[in-house]
Amino acid sequence: MVIDIHYHLFDKNFGTPDEWDGIAQLCETFAPPDQPITKEEARETLVPQMFDPTGEVTVRNLDNWGIDVAVVVAVDSGLMHGEGEIGIEGQNKFVADAAKRFPDRLIPFLSVDPRRPEALDLVDRCVNDWGMKGLKCHPDTGWYPDDEAHYPYWEKMLEYGLPVLTHTGPLEPPSINECVHPDRLDKVAADFPDITFIAAHMAFRWYKELVQVVRKHSNIVMDISAWQPTAHESYAKFVHILRGVLDGVGAEKVIFGTDAPTFSL
């Protein structure tokens, strides 16, 4: 069975214009050399294709790519980018509802920024009322995973036995990259050894630093999502990097993910 651990569900009312412009910028930056596209073209053509109000587009993509199951995630970036028309509670319900339509194909992960006053209550609702199975978090919006002020958040994950898919690796501004350096997982993984942390994107160019952290902790694994542009640009380079990571941490610590629909196969 092929499982994609990292797939986003989007609706046009989730984000602000600035947020969708950021997605369009990624499309321009990582476009294949033989298929260049401007940010403006991506905003008009590619971004609307990512919207999937029912989950049907996602399942169709999985079929086309030979993927059996995908973990579908919400993303709480409202405190950085501003709130979209549908707030984070509605976004989580949207993801949960899509997974209910396709229970054999989609596994829903919730997302809520721990700095929100209602964060822990929303976690309860997502798990108890909507059946969500894990957490996706984005510390790059400005919070540190190893800040003990957020430990009640991790204690809530521990209470429910939820795995945590967390962004690692540098992004373009306004993301705060010091919050997502692999070293930020070191202390929290040690303090919560019964939580499985999945370091998204293999920390991009910080993959060597991530390897050093993962080797210390049995409860951290990593996904390879969003490395498709590197593989398309230079397959030899990607294979070399991946081989080094596999040798450093073991194959059981590296899992498959796409970061679709922003990045497809």
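Which residues do ring pairs link into a cluster? In this predicted model, the cluster consists of W143, Y153, W154 and F197.

One of the contacts in this part of the structure can be described in detail. A pair of aromatic rings is described by the distance of the centres and the angle of the planes. By that description the pair of W143 and Y153 is edge-to-face, because the ring centres are 5.7 Å apart and the planes stand at 85°, and angles over 60 degrees count as edge-to-face. W143 sits in the loop between β4 (134-137) and α7 (151-160), while Y153 belongs to helix α7, so the pair ties together parts that are ten residues apart in sequence. Both W143 and Y153 are buried.

Just after α7, G161 takes a positive phi of about 70°.

Aromatic pairs also occur elsewhere; the count comes to eleven. One of them joins F10 and W20, again edge-to-face, with 5.6 Å from centre to centre and 85° between the planes. F10 lies in the loop between β1 (3-8) and α1 (17-29) and W20 lies in helix α1, so here too the pair ties together parts that are ten residues apart in sequence. F10 counts as buried because its relative accessibility is 11%, and W20 is buried as well, with a relative accessible area of 5%; the cut-off for buried is under 20%.

The next topic is the nonpolar core. The largest nonpolar core has 76 residues, and the members that touch the most others are L110, W154, M157, F197, M202, M222 and V245. Helix α5 (residues 88-101) gives the most to this core, with six residues. What does L110 touch, not counting residues up to four places away in sequence? The contacts of L110 are N92, V123, C126, V127, M132, G134, L135, K136 and L162. A second, separate core of eight residues includes V71, V73, F109 and V221.

Empty space is the next point. Rolling a probe the size of a water molecule over the atoms shows where empty space is left. A search of the whole structure finds one cavity of 30 Å³ or more, and the largest cavity holds about 40 Å³ of space. Its lining is made up of Y7, H8, Q49, M50, D52, V57, T58, N61 and P261. β1 and α3 (56-65) each supply at least two residues of this lining, and α3 gives the most, with three residues. By type, the lining divides into four nonpolar residues, four polar and one charged.

A last stop is S175, in the loop between β5 and α8. Is S175 buried or exposed? S175 counts as buried, because its relative accessibility is 16% and the cut-off for buried is under 20%. Leaving aside neighbours within four places in sequence, S175 is in contact with M80 and D140. P139 is 36 residues from S175 along the chain, and the C-alpha atoms of the two are separated by 8.8 Å.

Terms used:
Residues are numbered from 1 along each chain as its sequence is written. This is a predicted model: local features need pLDDT of at least 70, side-chain atom pairs count only at pLDDT 80 or more; totals for chains, interfaces and linings use all residues. Side-chain values use heavy atoms; hydrogens and water are left out. Rings of Phe, Tyr and Trp (its six-membered ring) pair if their centres lie within 6.5 Å; planes under 30 degrees apart count as stacked, over 60 as edge-to-face and the rest as tilted. Helices (H or I, at least four residues) and strands (E, at least two) are DSSP runs, numbered from the N terminus. Buried means under 20% relative accessible area, exposed over 50%, partly exposed in between (1.4 Å probe, protein chains only). On a 1 Å grid over the protein atoms alone, a cavity is a set of points where a 1.4 Å probe fits but cannot get out, and a pocket is an open set with protein on both sides within 12 Å along at least five of seven lines; lining residues have an atom within 4 Å of a point. Grid points are joined across faces, edges and corners, and a volume is the space filled by probe spheres set on the points. Ala, Val, Leu, Ile, Met, Phe, Trp, Tyr, Cys and Pro count as nonpolar, Asp, Glu, Lys and Arg as charged, and the others, Gly among them, as polar. A nonpolar core is a set of buried Ala, Val, Leu, Ile, Met, Phe, Trp, Tyr and Cys residues joined through side-chain atoms within 4.5 Å. Contact means heavy atoms within 4.5 Å.
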